[in-house]
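Me: I have a structure to go through. Can you walk me through how its parts pack together?

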Amino acid sequence: MESLKSSSSSSSTHRPNHHHHHHHHHVVLFYRYFLPSSSSSANQQLSSATLNLFRQNSSHYLPLLHQHQSTLCQQLGNMKGRILLSTEGINGTLSCSTEMELKEYIDRMEGFDLIGELGAPPPPNHHDDANSKVATAKVTGTPKAGSGHLFANIDWKTSTTTTKSSSSPPTQIIDPFPDLKIQIVKEIVNTGGAIHVDEIPLDTGKEISAEEFHSILMDAQQQQQQEVDASSTDDVGCGIDDAIDGERPLKKHKVDDDTKKKKEVVLIDVRNTFEHAIGHFIHPTFSTPRGDSSKNGSTARSDSVVDVKDKDDTSTTKATTTPTATTTDASPTPAINPNTVTFSHFNSTFCSQNSESLKDKKVLMYCTGGIRCVKASAMLKQRGVQDVSHLSGGIHRYLEKYGKDGFYKGKVFVFDQRVALDADSMLVVKQQEEGGGEKVVDDVGEKSHDCQNEKQQQQQQKQKDVVGKCIECNIPYDEISGANLCSVCRDLILICPSCHDTLHEFHCERHQRWKDAYFTFLERFTVEELEKQKETLQSLHDSYYLPAKKHKNVRKTLRKQMEKIDARVDDIKVGNAVVEQDAKRRCRTCFESNDICDGRCWGFWKHSQSPHHEQGGGGGNGSTSEPIMEVKVGDRVTVGPNWNEIRLGGRGSQQDPVRLGTVVNIKSWASGGDELDCVA
């Protein structure tokens with residue numbers, strides 16, 4: 001059995017007080033891997049001795065840190081958000097009502113000292129961090145106070161809810177989070193144990209500033225232009241003077257030599273596919289015009305980058321996206337998209353299949369705030385890729401500096417109810433913080449204009465800024481919604497309203513081969529239609545997903561669906577079920593019909609109308625659900641009041657009227673699951 005409540009041995013949820021509600025305008029994104037300060041530093045804010053003490057007594061300190069964060073957030077105006085705590089670090093996003101509350105939180109965190117505030121652990125010291133790959137010295141005695149600043153030197157990245165630009169009108173203010181959740185986890189960014197925090201100082205790539213990142217891309221752009229200019233000289237052919245002299249101009253030789261010395265720049269988006277879909281960096285070079293394969297300029301993708309097939313994939317997917325659908329001679333090329341559903345797949349799929357081809361390249365990586373790149377770059381370097389750099393502060397810091405004028409195009413996905421921000425949103429916040437005034441952009445600080453022509457031009461510009469596309473009709477579209485999930489893997493997908501209304505279920509790009517045969521809800525299909533679906537699935541199982549060992553998870557999913565179809569056919573034939581051809585569309589997450597649940601019960605979307613969620617059937621603002629119990633691996637648990645029998649099976653049987661099980665795994669809130677299905 002698995003718990004869908006948390007990925008921790010401890011978690012808590014604090015519901016907001018709706019009687020005195022103030023909108024949360026200020027948001028802060030932050031993380032820190034707990035690593036000792038440089039030994040050469042005169043003032044070690046986090047000494048190796050204190051860090052080792054913390055790790056060896058993590059079962060003592062982590063619950064205390066959990067309580068510290070809970071108390072601090074409640075004291076500062078009931079801050080809301082998500083915090084992950086681990087022996088390896090902290091990862092969080094919080095919101096609050098005022099800038100003063102936010103500043104106070106940051107100041108308190110920067111001043112926090114482990115020994116000074118939480119004291120020494122009780123004897124004896126326990127070596128809790130058994131997963132460490134680097135030996136740590138046993139701590140005897142207690143390090144002095146002042147050397148345990150776990151949260152010092154965090155890169156605090158702030159934004160505001162007034163920069164909301166997705167899924168609601170610009171004037172609507174929405175709280176990023178409905179409550180506060182603090183959880184103790186094994187890793188603050190999940191790699192499945194592939195990278196331990198001890199390996200970060202040894203193996204992580206070079207962290208570069210937004211300015212340096214931008215400069216490298218600019219240089220690559222200039223390099224491409226030199227190649228194009230040189231190619232143009234070649235296309236003209238030898239002129240009369242060249243034919244007489246028998247050689248080309250000396251200057252041309254120099255350009256070629258300089259160009260050859262520079263490594264090809266490869267730009268990799270470390271985020272998941274749905275994040276890449278609505279916005280990404282554009283590689284400074286451009287792709288070859290369609291239909292012309294004779295001129296191969298440097299692109300974001302090396303020819304040796306292989307197709308990636310995730311171990312749970314159902315179709316072959318490139319480790320990159322194709323050029324945008326423009327027909328101009330110079331189509332922009334997006335950064336490489338590794339096509340991952342979760343970051344834990346990055347090492348086992350993309351790195352394992354592409355590290356060899358990247359060894360002679362200059363690799364640039366980026367993610368939203370920088371936390372994933374720290375481990376992603378280490379994954380490549382451990383596989384022998386030496387020239388690896390990643391963007392410090394991620395997209396967030398880059399957009400603060402360059403906005404829409406830089407190489408990033410489209411929106412930025414954020415893991416809260418704002419959903420996505422425009423490229424200029426963070427630039428506006430930065431300018432306001434520095435007192436530089438406000439730049440007028442499309443969605444932030446938008447001014448009303450009397451001229452209809454200007455409004456039309458703004459709308460046209462908005463359309464040009466859209467980089468996402470509807471998976472069905474391919475029109476520009478970039479609105480992400482928890483209502484639009486793949487029926488197979490539950491990954492977020494882009495689907496426009498018109499296509500949404502014509503379909504009962506949706507399928508992501510990886511599962512397009514299954515779109516006519518794999519459905520979560522079978523009540524609307526006849527026996528003939530179900531048998532046809534099974535025939536297609538059987539064909540995929542027997543002939544497409546081979547060898548069997550390589551695709552065992554996919555094949556298992558196919559077999560389970562075929563068994564489900566067989567059971568449905570049998571029920572129809574014996575009269576235990578009837579075909580409901582007019583059945584309503586149902587939510588892929590909570591299984592309720594669309595007139596009960598609006599589909600936004602996935603992940604951080606909390607304003608669902610589903611009775612399985614806090615609003616209740618009436619969709620009110622009050623909290624009617626019971627608080628979530630703390631659960632840990634090994635606990636014996638019974639079925640709770642919110643158990644979904646359609647999805648998870650019956651509550652028990654005549655022989656065993658009360659279903660009982662042991663918790664063997666605990667999933668993260670970030671998985672997108674229904675948190676009230678405590679055990680599955």
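Reply: One cut-off to begin with: angles of 65 to 115 degrees between axes count as roughly perpendicular. Also, this is a predicted model.

Me: Ok, helices then. At roughly what angle do the axes of α1 and α2 cross?

Reply: They cross at roughly 95 degrees, and the axes come within 5 Å. That angle falls in the 65 to 115 range, so α1 and α2 are roughly perpendicular to each other.

Me: Which residues make that contact?

Reply: From α1, Leu53, Phe54, Arg55 and Gln56. From α2, Ser58, Tyr61, Leu62 and Leu65.

Me: What does the Arg55 side chain meet in a salt bridge?

Reply: The side chain of Asp198, at 2.3 Å from N to O. Arg55 lies in helix α1 and Asp198 in the loop between β7 and α5, so the pair ties together parts that are 143 residues apart in sequence.

Me: Are those two buried or exposed?

Reply: Arg55 is buried, with a relative accessible area of 5%. Asp198 is buried as well, at 11%.

Me: How many salt bridges does the structure hold?

Reply: There are 27. Another one joins Lys80 and Asp175, with the closest N and O atoms 3.0 Å apart. Lys80 lies in strand β4 and Asp175 in the loop between β6 and β7, so this pair ties together parts that are 95 residues apart in sequence. Lys80 and Asp175 are both buried.

Me: What about Glu400 and Arg397, where do they lie?

Reply: Both are in helix α12 (residues 394–402), three residues apart, which is about one turn of the helix.

Me: Which residues are linked with them in a network?

Reply: Asp155 and Lys157; together with Arg397 and Glu400 they are linked in a network of salt bridges.

Me: Changing topic to strands. In which sense do β4 and β7 pair, parallel or antiparallel?

Reply: Parallel, over five bridges. Within that pairing, Arg82 stands opposite Lys181 in β7.

Me: And why would you call β7 largely enclosed?

Reply: Five of the five residues of β7 (residues 180–184) are buried, so the strand is largely enclosed by the rest of the structure.

Me: Which way do its side chains go?

Reply: Leu180, Ile182 and Ile184 point one way from β7, and Lys181 and Gln183 point the other way. The lysine and the glutamine are buried along with the rest.

Me: Now the nonpolar part. Which residues of the largest core touch the most other members?

Reply: That core has 39 residues, and the ones touching the most other members are Phe413, Ile480, Leu492, Trp514, Leu530, Leu537 and Leu558. The elements giving two or more residues to this core are α9, α16 and α17. The most comes from α17, with six residues.

Me: Take Leu537. What is it in contact with, leaving aside neighbours within four places in sequence?

Reply: Leu537 is in contact with Ala517, Tyr518, Leu558, Gln561, Met562 and Ile565.

Me: What other core lies apart from that one?

Reply: A core of 34 residues lies apart from it, and its members include Phe30, Leu53, Cys73 and Leu94.

Note on methods:
Residues numbered from 1 in each chain as written. Predicted model: local features only at pLDDT ≥ 70, side-chain atom pairs only at ≥ 80, totals over all residues. Heavy atoms only, no water. Buried < 20%, exposed > 50% of the residue type's maximum accessible area, 1.4 Å probe, protein only. Helix = DSSP H or I, 4+ residues; strand = E, 2+ residues; numbered from the N terminus. Pairing = 2+ DSSP bridges. Salt bridge = Lys/Arg side-chain N within 4 Å of Asp/Glu carboxyl O. Core = buried A, V, L, I, M, F, W, Y, C linked by side-chain atoms within 4.5 Å. Contact = heavy atoms within 4.5 Å. Axes fitted to C-alpha atoms, helices over the stretch in contact; angles between N-to-C directions. Parallel < 35°, antiparallel > 145°, perpendicular 65-115°, else oblique.
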